[in-house]
Every structure is written in C-alpha cells, then in structure tokens.
Amino acid sequence: MATLRELAEITGYSIATISRVLNQDTTLKVTEDTRNAILEAVEKTGYSNGQIVYRKSMCQKFIRVGIVEKVTVKEAERNPYYLYLKSSVEKSCFSNGMETFIMQYDRAADTYRCAVPRELDGILAIGQFREEEIAAMRKCSTQIIFIDSSPYPEEFCSVVPDYEAGIRQGIDYLIQQGHRKIMFAGPELTVDSLCRPYPEQRRKVFSDYAAYCGQKVEAVLLNTERLADDVVEKVMAYVKGIEDAAAKPTAFFTYNDPTAIGVLRALELMGYRVPEDFSVLSYNDTALVDVIKPQLSSICINIEEMAESAVWMMKKLVMEGAFVPVKIAVSSALQARESVRNILN
C-alpha cells in the first residue's frame with residue numbers, strides 16, 4: 001500500500017493537496033484534471049488511511065450531470081411548479097457532489113447543446129419529452145433519469161408524483177368536511193410522457209374515485225384550459241347557469257394552483273366568499289398558495305423528495321452501472337389552510 005508521501009512523488013502534488021482531495025475538502029480549489037490524477041494514483045496503488053481503502057469510484061467528488069427541462073420561461077411564470085422542481089434538483093445535485101450543466105435542445109440540428117461542453121455521466125430530464133428529443137438525449141448519455149414523466153419504463157428510471165393517492169386524499173378530506181357535491185376544475189386532456197394527447201390523470205382519478213365512493217359524494221367535471229382567464233369564464237358560466245342553490249357544488253377541487261386562483265377570481269367577481277360560500281382545494285402547493293387570500297388548502301407534491309430520489313438513482317446508476325429500471329411514485333401531503341370550510345359545524 002502506498003503512503004501519502006509516495007502518492008506525492010507519483011503525482012507531483014503536495015501531501016496537503018492530496019490529503020484535502022481525498023477528504024473531499026470543498027474549500028480546496030483544484031482542477032478536475034488534478035483531482036482525477038490523484039484519484040487515478042489512489043486507484044492504482046490502493047492507498048490506505050487507517051482502515052479505509054480509497055477507490056476512485058468512492059472518492060470522485062463530481063459526477064457530471066446534464067439537466068434538461070421542457071418547460072418554457074413563459075410556462076414557468078404561469079405555473080412555478082417546474083421552476084421549483086428544477087431548483088430542488090440543482091440543490092440536491094450540489095449537496096451530493098454533482099456538477100450540473102444546463103442542456104438546450106437544438107431542433108434544427110436534432111441535438112442537445114451544453115453551455116460548458118463536457119462528457120456527461122448522466123442526464124436528469126424534467127418534464128415530458130417527444131420521441132425525437134429523447135433520442136437526442138441518448139446521443140449525449142444513455143443514463144437518463146426522468147422526473148415528472150415516465151417514458152420507456154422498460155429502459156429508463158423515473159420519479160413521478162403519486163397523483164392517484166393525492167386525489168384520493170383530497171376527496172376523502174372534503175368528504176370529512178361535509179362536502180357531498182364536489183367539482184373538479186381542470187383540463188380534460190393533457191399529454192402523456194411522450195407529449196401525446198392523453199386524458200388528464202388527476203381528472204380521471206377524481207372521477208373514478210368519486211364513483212367508488214358511491215353515495216358519499218357527487219362528482220362534477222368542469223373542463224377548463226390552463227389559462228386563468230379561461231378558468232374564470234368557465235366557472236362563472238357554470239355557477240350562473242344553476243338556478244337552484246341546492247344544486248351547486250359546495251367545493252371545488254382544482255387541477256393545480258393557477259386553476260385554483262382562477263376559481264377564486266371567478267367566485268369573487270360573482271360576489272361569493274371563500275370558504276363561507278364555496279370551499280376550494282388546490283393541487284401542487286407552490287408558493288402561490290401563500291400569497292393570495294384566503295390562503296389555499298392544497299395537496300402538496302413533495303418536490304424536494306422527488307429531486308432527492310432522482311439524484312439518488314442517478315448516483316447509484318453512475319457508481320454501480322446499469323440496474324433494472326425502477327419507477328418511484330412519491331406520495332403527497334395535505335396542507336389544510338383557509339380555503340376549505342367544515343360545513344358540518
């Protein structure tokens with residue numbers, strides 16, 4: 001077994017520098033070439049410090065990961081969910097010693113470009129992607145983890161929210177609060193993991209679970225687009241069209257936070273109060289729920305846990321090589337605030 005002095009002679013670097021690299025001292029500023037040269041020497045010589053035998057695969061500080069996101073800046077402004085998801089992924093990569101590079105799709109060249117061209121160990125892809133975009137990713141790395149979608153599950157690992165559990169949780173909560181007629185406001189169609197038109201999953205689960213609950217609840221479906229103006233128009237038209245007050249839903253369960261804000265605006269314009277006249281339960285639980293009045297009760301998608309799970313899988317994939325693709329469905333949590341009233345009291 002080599003000593004630190006022998007490693008210094010082999011590499012030409014000081015004992016202090018070698019020691020700090022092996023101890024992963026984050027305050028040490030060295031190039032990747034320097035770090036790799038030291039770790040290669042450690043690998044060859046089997047350097048031992050006490051009972052610990054250092055190996056390159058265990059000591060390498062940085063795993064190079066490309067981050068790809070499909071959402072445009074304008075879409076992120078309307079719905080910050082993906083903005084928070086990307087931020088959480090970057091933070092988790094940093095805390096796990098991963099070096100990240102933002103990748104942009106060049107449609108004309110059918111390839112992904114990186115701001116700092118490097119050989120990548122893997123890719124974390126956030127959102128839904130077309131077949132040609134995934135094919136272009138494969139050219140950069142075959143080690144891809146998808147977040148918030150699950151294309152080609154027989155080939156790639158993925159992390160997704162457990163929408164089914166979240167919708168069930170929301171309906172059960174509203175039933176417990178005494179609501180028997182609940183409207184789901186959201187789009188009828190979205191896209192699947194390959195960007196193809198597909199029935200919106202939250203809406204379908206809502207309809208199916210409400211039917212399972214039988215006489216406990218009556219489900220009403222309102223088809224709205226993602227834009228707030230469309231939500232306002234559709235909700236106002238629906239509520240005004242019901243003359244019998246007893247026929248109106250007592251609660252709205254919305255597709256996401258921007259949709260919930262559209263519902264609140266529509267009810268306010270008609271002179272209704274939330275939660276006194278109608279209750280509103282949202283989905284996603286982004287920062288939007290805290291900046292409006294009343295504060296929105298919401299089903300919270302555990303974004304940080306999704307990011308941590310994806311980074312954990314990437315680390316395992318890079319360090320251990322290929323393994324059987326897995327799909328992790330991250331559970332949600334109910335955040336009860338001000339917009340849902342218990343009508344039994």
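This is a predicted model: local features need pLDDT of at least 70, side-chain atom pairs count only at pLDDT 80 or more; totals for chains, interfaces and linings use all residues.
Which residue in E7 does Ile-126 stand opposite? That one is picked up in point 2; a few notes on the model come with it.

1. Ground rules. Residues are numbered from 1 along each chain as its sequence is written, and side-chain values use heavy atoms, with hydrogens and water left out.

2. Around E7. Ile-126 stands opposite Ile-147 in E7. Helices (H or I, at least four residues) and strands (E, at least two) are DSSP runs numbered from the N terminus, and two strands count as paired if DSSP finds at least two bridges between them. Strand E6 (residues 122-126) and E7 pair in the parallel sense, with four bridges. On to E8 (residues 157-161): E7 pairs with this strand in parallel too, over three bridges, and Phe-146 has Ser-158 in E8 as its bridge partner.

3. E6, helix H7 (residues 131-140) and E7 form a right-handed β-α-β unit. Right-handed here is meant as follows: with the strands pointing away from the viewer, the path from the first strand over the helix to the second runs clockwise.

4. Two covered faces. In a regular strand, side chains alternate between the two faces of the sheet. Strand E7 (residues 144-147) is covered on both: Ile-144 and Phe-146 are buried on one side, Ile-145 and Ile-147 on the other. Buried means under 20% relative accessible area, exposed over 50%, and partly exposed in between (1.4 Å probe, protein chains only).

5. Met-103. This residue lies in strand E4 (residues 98-106) and is buried, at a relative accessible area of 3%. Contact means heavy atoms within 4.5 Å. Leaving aside neighbours within four places in sequence, Met-103 is in contact with residues including Gly-66, Ile-67, Val-68, Tyr-112, Leu-120 and Cys-140. Ala-115 is twelve residues away from Met-103 in sequence, and their C-alpha atoms are 6.9 Å apart.

6. Cores. A nonpolar core is a set of buried Ala, Val, Leu, Ile, Met, Phe, Trp, Tyr and Cys residues joined through side-chain atoms within 4.5 Å. The largest one has 47 residues, and Leu-124 and Phe-253 touch the most other members. Helix H12 (residues 303-320) gives the most to this core, with eight residues. Leaving aside neighbours within four places in sequence, Leu-124 is in contact with, among them, Val-65, Val-89, Cys-93, Ile-145, Ala-310, Val-311 and Met-314. There is also a second, separate core of 22 residues, which includes Val-274, Phe-278, Val-289 and Leu-296.

7. The six-stranded sheet. Six strands make an open sheet of mixed pairing, in the order E12-E9-E13-E14-E15-E17. Strand E12 (218-223) and strand E17 (332-335) are its edges, each pairing on one side only. From one strand to the next, the twist averages 20 degrees.

8. Along the sheet. E13 and E14 pair in the parallel sense over three bridges, with Val-280 in E14 as the bridge partner of Phe-252. E13, helix H11 (residues 257-269) and E14 make a right-handed β-α-β unit. E14 and E15 are parallel as well, over four bridges, and Ser-282 has Ser-298 in E15 as its bridge partner. Strand E15 (residues 297-301) and E17 run antiparallel, joined by four bridges; Ile-299 stands opposite Leu-334 there. As for cover, six of the six residues of strand E14 (residues 279-284) are buried.

9. H10 on the sheet. Helix H10 (residues 228-240) lies across strand E9 (181-186), E12 and strand E13 (251-254), at about 135 degrees to E12. Axes are lines fitted to C-alpha atoms, for helices over the stretch in contact, and angles run from 0 to 180 degrees between N-to-C directions.

10. Not counting residues up to four places away in sequence, Arg-202 touches Tyr-163, Ile-167, Phe-184, Tyr-255, Tyr-283 and Asn-284. Tyr-163 and Ile-167 are also among the buried residues of H8. Just after H8, Gly-178 takes a positive phi of about 95 degrees.
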